[in-house]
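Student: Please take one part and look at it closely. What surrounds the ligand? Keep it brisk, and follow the chain onward from there.

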Amino acid sequence: MENDEVILLGFWPSYFATRVKVALAEKGIEYKYKEEEDMLSGNKSPLLQKMNPIHRKIPVLIHNGKPVCESLVAVEYIDEVWKDRAPLLPSDPYERSQARFWADYTGKKLYEFGRSLWTTKRGELLGGKKDFIDSLKLLELEALGDKPYFGGESFGFVDIATIGFYSWFYVYETFGNFSIEAECPKLVAWGKRCMQRESVSKSLPDRHKIYELIVEFRKKYGVE
Ligand code: GS8
């Protein structure tokens, strides 16, 4: 594993790419990061098109020249290949199934409802805001509960899958005009707890930078 070549194709604000960054950091793997420069205009680099010809999406983990696409697939791959470090997924099959379920939930529901908050004109939000808050509350109640991390006492797969959204909370709150801390205090406390880990704090994008990007995006596409 010493001489392995590990490359990550990413786009800095992406929570999907953040998943892979945090997993690599948790395992202490050195890698080369390559930014997709022109993502918002829909232009994909030749390397991305070659490495992910099916979806042409980041993140792509390239291990010794071979691509692994889809963020959660990449996180599981990292966990299986670098076994000498603490495991990211639980060892019990049922717990593992539940971890996969919630990781999938955050990538689908939080992504979908969260996106509608900043791609919708302010006056037209209507049900989108409620859907988003409900999806967060459900995650807090059903998956996190009173535990410090989703998997229990230690940081793991669902934390890795979800923590990238924490950087987007500011965008959701600003465009949705609500406080996530007021709605989901345990989830916000969890986010702060995760930020105390170096693997997280050094991998997460800056929330104000994301906000500025979204302001630009809304201007460019006439969403005001
Ligand atoms: C989603 C990746 C994705 O949406 C995963 O890896 O988990 N299910 C995939 N990537 C976005 C950037 S982050 O919002 C992307 O690459 N979009 C480009 C496109 O849709 O063409």
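Tutor: Helices and strands here are DSSP runs, numbered from the N terminus; a helix has at least four residues and a strand at least two. The model is predicted.

Start with the location. The ligand sits in the largest pocket. Around the ligand are Ser-14, Phe-16, Arg-19, Met-39, Lys-44, Lys-57, Ile-58, Pro-59, Glu-70 and Ser-71. By class, this shell has four nonpolar, two polar and four charged residues.

The side chain of Lys-44 places an N or O atom 2.6 Å from an oxygen atom of the ligand. For Ser-71, an N or O atom of the side chain is likewise 2.6 Å from a ligand oxygen. Ile-58 uses its backbone instead: a polar backbone atom is 2.9 Å from a nitrogen atom of the ligand. On its own, the ligand has 530 Å² of accessible area, and the protein covers 73% of that.

Stay with Ile-58. A cis peptide bond joins this residue to Pro-59, with omega about 0 degrees. Both residues belong to the ligand's surroundings. Pro-59 lies in the loop between helix H2 (46–51) and strand S3 (60–63).

As a reference for both backbone features, most residues other than glycine have a negative phi, and most peptide bonds are trans.

One last item is a charged pair. Side chains of opposite charge can pair when their charged atoms come close. The structure holds eight salt bridges. One of them joins the side chains of Glu-26 and Arg-197, at 3.0 Å from N to O.

Note on methods. Residues numbered from 1 in each chain as written. Predicted model: local features only at pLDDT ≥ 70, side-chain atom pairs only at ≥ 80, totals over all residues. Heavy atoms only, no water. Near = heavy atom within 4 Å. Polar contact = N/O pair within 3.5 Å; in protein donor to acceptor, adjacent residues only side chain to side chain. Areas by Shrake-Rupley, 256 points an atom, 1.4 Å probe, with all protein chains shown as cover. 1 Å grid on protein atoms, 1.4 Å probe; cavity = no way out; pocket = protein on both sides within 12 Å on 5 of 7 lines; lining within 4 Å. Sits in = over half its atoms within 2 Å of the grid points. Nonpolar A, V, L, I, M, F, W, Y, C, P; charged D, E, K, R; others polar. Salt bridge = Lys/Arg side-chain N within 4 Å of Asp/Glu carboxyl O.
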